[in-house]
Number of protein chains: 2
Amino acid sequence: MTSIDRVICGNDDALAAGPDLLVRNIGQLCTLDAPDAPDAARAGPRRGAGLDDPGSVGGAALAVHGGRVLAYGPQAALLARCGAPRAVHDAGGRCVVPGWVDPHTHAVFGRTRQDEYERRLRGETYLQIAAAGGGIQSSVRDLRGRSDDDLRELTVARLREILEYGTTTIEIKSGYGLSYHDEARMLRIAGDAAAAVGLRVVRTCLAAHEVPTEYRDRRDDYVRLVCDEILPRIVDEGLAERLDVFCEPSVFDLEQTATILRRGRELGLRAAVHADELEPFGGAALAARLGADSADHLIRIDDAGIAALAGSPTVAVLLPGTVFSLGLRGYAPARTMIEAGVAVALATDFNPGSCPIASVPLIQSIACTQMRLTPAEALAACTVNAAWALGLQDEVGSLAPGRAADFLVLDVDDVRLVPYHAGRNPVREVWRDGRRLVAR
Amino acid sequence: MTSIDRVICGNDDALAAGPDLLVRNIGQLCTLDAPDAPDAARAGPRRGAGLDDPGSVGGAALAVHGGRVLAYGPQAALLARCGAPRAVHDAGGRCVVPGWVDPHTHAVFGRTRQDEYERRLRGETYLQIAAAGGGIQSSVRDLRGRSDDDLRELTVARLREILEYGTTTIEIKSGYGLSYHDEARMLRIAGDAAAAVGLRVVRTCLAAHEVPTEYRDRRDDYVRLVCDEILPRIVDEGLAERLDVFCEPSVFDLEQTATILRRGRELGLRAAVHADELEPFGGAALAARLGADSADHLIRIDDAGIAALAGSPTVAVLLPGTVFSLGLRGYAPARTMIEAGVAVALATDFNPGSCPIASVPLIQSIACTQMRLTPAEALAACTVNAAWALGLQDEVGSLAPGRAADFLVLDVDDVRLVPYHAGRNPVREVWRDGRRLVAR
């Protein structure tokens, strides 16, 4: 891990004129910037050893102007070049990091599914639970029968908690609607609730989450409905920036997945793929070939899938909270992927069935202890690489000059304590666009 | 799971005269009481199906008098028999449970050991880290060189956080002193810090945690020092209620462990044993044979050890947070133990090396997802059975009439949501002896 020992500034004149805000007395500033890396290394997500470098500055200060990062560096050096700031905030010697970017959630849902959680612990299989009306279809029924107001209220409460864990940018998928009407409702509520809470949101249409029961015997008709009606109308109404497909043998096969991805590309949507979760099926390779921003889950990815991702800009979004919550034994082969040059990110997969974990800090703990990421790798995977997975690398995920001033003041003086103390929320303050949203 | 549908009262006249406090509008009250069980089943810790019953009352109220539970039951029925209470508290339809009892921690320590955490993730083994001065010896060096004031301040801050996770009774071990002087300091600080925070504490002398480096070549001399000097002086000064021994081939063997346990019994100390953590070694069977209250860890316990525990009052204290934090693959065989009739409890093992987890709710999540306990079993293992592991079953661990009014108001309406939402602190209020210590 290198440390940055000089001032990095986006605009010397603006700094000399005095920024809107100066955050001082930062014990450890993790910028996730890489000012000394060759340009080529900055042009894509972090890979290999690059993932293990938080771009750390000790005894630092951070200058914010117009809601954006203006400059950062060792405090004395920065102060020497900085005009009188309009506001000063003292970080009390604590760590400052970019706000977490959570690139995979299903955070709009109605009831929680602790009944299924208990039944699984008592030994019922996923198939038994699904046959009894559980699983995704249970959340679909619940959502279709629930009012907008009710769903919005539940979502606002959940997103407020998520903000307190330090997430400042969240991806939210639809996928419990499985009809134009209910997918659109979910995406509208995702946007409204995030705006109410102050979270930056990326909305992903996951109409291809499952085949709804009314299409069970004519699955290709549902693929046509997604391509010909749901996605075009969602795009027309500006309700989503991305699409996602659940690519597994029992859900959408490779050809159906490719059909939906191509249609999304025509419509100008960015793409993700739920891939290789249940068996090695070629979903990751397909995602890479069709230019998806991310391939997600990847518990069962094989060597060909790893090679395909390593040679592409597609980010591998790993969801270890799901493996933990389901009590599975096999995590995604994160170390193998990192060593092969795959760009790895982490996400919560927050949802009522397979992963009721909303806390990015706990996801970092699970990633470290169960997949052997280092604390610095987990940090980069929840910030800069997660931003790449959403195509938001120029906006968020690092504190490089020009990025949004979305940052966290943590109540630790060493960022490795974030995963170390599992089950703890280390977030003391949450700032977005240079304004403080949470002070705990 | 049975539900209790009548009033259970310890003193009808006192109830009719009006209690000090009435907690009303409790959506789900988990008493961990078993008023319908035969007397024999109430005379020991919960086993088998008994572990799976939280003693739940729906739409309940709880009457508290003189800091003790006076009565509980369905609200309307309780109100009909209850005189005017001096205070009323509305639980808002939420769950109320007994305060957690954490029967195994090493919560007095100086510096955290995130450096070793990172080195382990990078592939160093425990032996390599220990050879480089890490491990327990590192905490011993740190503690011996640290002032009382500093250690007390760190401990108070940690215990305050532990109280916020809902722990109301905590066991704290010494074991980073390994001399009379430093063991006594640790136990004194444990007591002082717990009193400052309001936690009920049980102090355990773990002078037999490791052989200090100065005794490395004369290990039996250290056993003699423990038996002839450290334990008697600790008892004389009233600094501990229990002792513990790290019984493993590379630390204290079976004979040394038995020697120390017998000496503790002569001195009137209750006992626990760190047993069968690294290999099946007979520690659990020894603990059962010598009447220890608990045998702890048990990752590698064998059939003989399970049979010995099943036939004894010794409680198996499982520490799944340690397995999780170390990234080990094998958890203690909890289901096998429960089915064999072993009385199982859970604890955090909170310590700076192998388990920096202080949150009992997260321990419940790990126990459910990784060891397949049901949420109700995890609840009983963190309350009533944990109290038995400390010999405090008549004081805490359930809300049976006469027990201390130590309880939590959780921000959920179904207690299964506690383990379900891993990484979340569901505790809204903490009450001890009928007084509220935490309101979040």
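How much area do chain A and chain B bury between them, and what share of it lies on carbon and sulfur atoms? The views below, all of a predicted model, begin with that interface.

**Figure 1. Interface between chain A and chain B in the predicted model.** Chain A and chain B bury about 3900 Å² between them, with 52% of this area on carbon and sulfur atoms. The contact involves 42 residues of chain A and 42 residues of chain B. On the chain A side, the residues that lose the most area to chain B are A:Leu121, A:Phe324 and A:Tyr420; together they account for 19% of what that side buries.

**Figure 2. Domain 1 and domain 2 of chain A.** The domain assignment of chain A places residues 8–99 + 398–439 in domain 1 and residues 101–389 in domain 2. Taken over C-alpha atoms, the centres of domain 1 of chain A and domain 2 of chain A are separated by 29 Å.

**Figure 3. Contact between the two domains of chain A.** In this view, 34 residues of domain 1 of chain A are in contact with 37 residues of domain 2 of chain A. The two domains of chain A bury about 2700 Å² between them, and 64% of that area is on carbon and sulfur atoms. Within domain 1 of chain A, A:Arg47, A:Leu51 and A:Pro419 lose the most area to domain 2 of chain A, together 24% of what that side buries.

**Figure 4. Packing of helices α8 and α9 in chain A.** Helix α8 (residues 180–197) of chain A packs against helix α9 (residues 219–236) of chain A at an angle of about 30 degrees, with the axes 10 Å apart. Because angles under 35 degrees count as roughly parallel, α8(A) is described as roughly parallel to α9(A). The crossing of α8(A) and α9(A) is right-handed. From α8(A), A:Tyr180, A:Glu183, A:Ala184 and A:Leu187 meet A:Glu229, A:Ile230, A:Arg233 and A:Ile234 of α9(A). By class, this contact of α8(A) with α9(A) comprises five nonpolar, no polar and three charged residues.

**Figure 5. Packing of helices α8 and α9 in chain B.** In chain B, the axes of helix α8 (residues 180–197) and helix α9 (residues 219–236) come within 10 Å and cross at roughly 30 degrees. That angle makes α8(B) roughly parallel to α9(B). The crossing of α8(B) and α9(B) is right-handed. B:Tyr180, B:Glu183, B:Ala184 and B:Leu187 of α8(B) make the contact with B:Glu229, B:Ile230, B:Arg233 and B:Ile234 of α9(B). Five nonpolar, no polar and three charged residues form the contact of α8(B) with α9(B).

Key
Residues numbered from 1 in each chain as written. Chains lettered and ligands numbered in written order. Predicted model: local features only at pLDDT ≥ 70, side-chain atom pairs only at ≥ 80, totals over all residues. Heavy atoms only, no water. Axes fitted to C-alpha atoms, helices over the stretch in contact; angles between N-to-C directions. Helix = DSSP H or I, 4+ residues; strand = E, 2+ residues; numbered from the N terminus. Parallel < 35°, antiparallel > 145°, perpendicular 65-115°, else oblique. Left-handed = near helix turned anticlockwise from the far one by under 90°. Contact = heavy atoms within 4.5 Å. Nonpolar A, V, L, I, M, F, W, Y, C, P; charged D, E, K, R; others polar. Domains from an automatic or database assignment. Buried area = accessible area lost by both parts, 1.4 Å probe.
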